[in-house]
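The following paragraphs lead from the overall form of a protein chain to a few individual residues. Please keep the sequence and the structure in view while reading.

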Amino acid sequence: MARRQSAPRLEFEAAAIYEYPEHLRPSLEALPSLPGVYTFHGDSDTLPLYIGKSINLRSRILSHLRTPDEAAMLRQSRRISWVRTAGEVGALLLEAKLIKEQQPLFNKRLRRNRQLCSLLLNGAQPQVVYAKEIDFAHQPGLYGLFANRRAALQALQTIADEHQLCYGLLGLEAVTRGRGCFRSALKRCAGACCGKESEEAHHQRLLAALAKLQLNCWPWHGPIAMKEDAVDMTEYHIIHNWLWLGSVTSLSAAEALRRLPAGFDHDGYKILCKPLLTGQAEIIDLTDPR
Ligand SMILES: [Zn+2]
């Protein structure tokens, strides 16, 4: 599509609209060049074909012609609908929620994950712990989010391989105390199991290797509102324990939302960590005054 990127925008628009399946062109007319979430609907009223988000609904939807898969999806589409959001964060939150609820045919499957787990480091050995058992929003010493126990152990093993850590000390395999593990003979373990390095040095290397995976505890006492502005609207995203509770256009409407129960949420964590922790967004603490 490089051919078109250099062409003036109106020319691109005209060409894109011309190439669009004719029955969908009426859906394009009122499309704003602003952030939001859009849905391609097929024959079914309940099962959408595709849900996406963009900071520019118009140009994103017009560019949905670029691959054979997208062309196939467009041919099955009967209409396009969209919801405006004030900004990118609101669009990401709404997109994740709608995809999870509606499971569109052409989106990658996102299912509620009941096996969500992490690695908890309290002592020398990381333990696999589950979000359904431990409050991931407040437990310190958690590293990584994994779809299941196998994925968590696989990640730990990869770290061990990259940093010559000992499978025995990490609890990944049984070793006889005082005897070097099999990998130490191959120099794949630096030898904390057989006195070639101290257990303390091994632990420090483990901590350093895990550091980039460390989960951030929810840093506020209660719910917060994150403000997001567009030229024509303002939204407050109400968030607690990394869970998005909903968005409102004025803080006075936040009261019902901020009282909802809020457990840790994987999608919310992924989407919100950066905007909330980098200090770029305006944040209003909604904790009850004590
Ligand atoms: Zn070893």
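A contact means that heavy atoms lie within 4.5 Å. In the protein chain, residues 24 or more positions apart account for 58% of the contacts with a separation of 6 or more. The model is predicted: local features need pLDDT of at least 70, and side-chain atom pairs count only at pLDDT 80 or more, whereas totals for chains, interfaces and linings use all residues. Residues are numbered from 1 along each chain as its sequence is written, and side-chain values use heavy atoms, with hydrogens and water left out.

The overall form comes next. The protein chain has a radius of gyration of 24 Å, while a compact globule of 290 residues would have one near 19 Å; the radius is taken over C-alpha atoms, and the globule rule is 2.2 Å times the number of residues to the power 0.38. Its C-alpha trace spans about 75 × 55 × 35 Å along the principal axes. The chain is divided into domain 1 (22-102), domain 2 (117-213) and domain 3 (224-285), with bounds that come from an automatic or database domain assignment. Taken over C-alpha atoms, the centres of domain 1 and domain 2 are separated by 43 Å.

The secondary structure comes to 12 helices and 10 strands. Helices (H or I, at least four residues) and strands (E, at least two) are DSSP runs, numbered from the N terminus. Of the 290 residues, 46% count as buried; buried means under 20% relative accessible area, exposed over 50%, and partly exposed in between, with a 1.4 Å probe and protein chains only. The chain exposes about 15,800 Å², of which carbon and sulfur atoms supply 52%. These areas come from the Shrake-Rupley method with a 1.4 Å probe, and for residues only the protein chains shown count as cover.

Aspartate 45 has its place in the loop between β1 (36-41) and β2 (50-54). Aspartate 45 counts as exposed because its relative accessibility is 73%. From aspartate 45 to glutamine 154 the distance is 41 Å, C-alpha to C-alpha, across 109 residues in sequence.

Helix α7 (residues 149-163) holds alanine 151, which counts as partly exposed because its relative accessibility is 30%. Alanine 151 and alanine 124 are 27 residues apart in sequence, and their C-alpha atoms are 20 Å apart in space.

For cysteine 193 the setting is the loop between α9 (182-185) and α10 (199-210). Is this cysteine 193 buried or exposed? Cysteine 193 is buried, because its relative accessible area is 11%. Neighbours within four places in sequence aside, cysteine 193 is in contact with Cys166, Leu169, Gly178, Arg179, Gly180, Cys181 and Ser184. The C-alpha atoms of cysteine 193 and glycine 168 are 7.0 Å apart, although 25 residues separate the two in sequence.

Two loop residues deserve a look at the backbone. Most residues other than glycine have a negative phi. Glutamine 164, in the loop between α7 and α8 (167-170), has a positive phi near 50°. Glutamine 164 is partly exposed, with a relative accessible area of 36%. Asparagine 241 also has a positive phi, near 55°, and is found in the loop between β8 (234-240) and β9 (243-248). Asparagine 241 is buried, because its relative accessible area is 6%.
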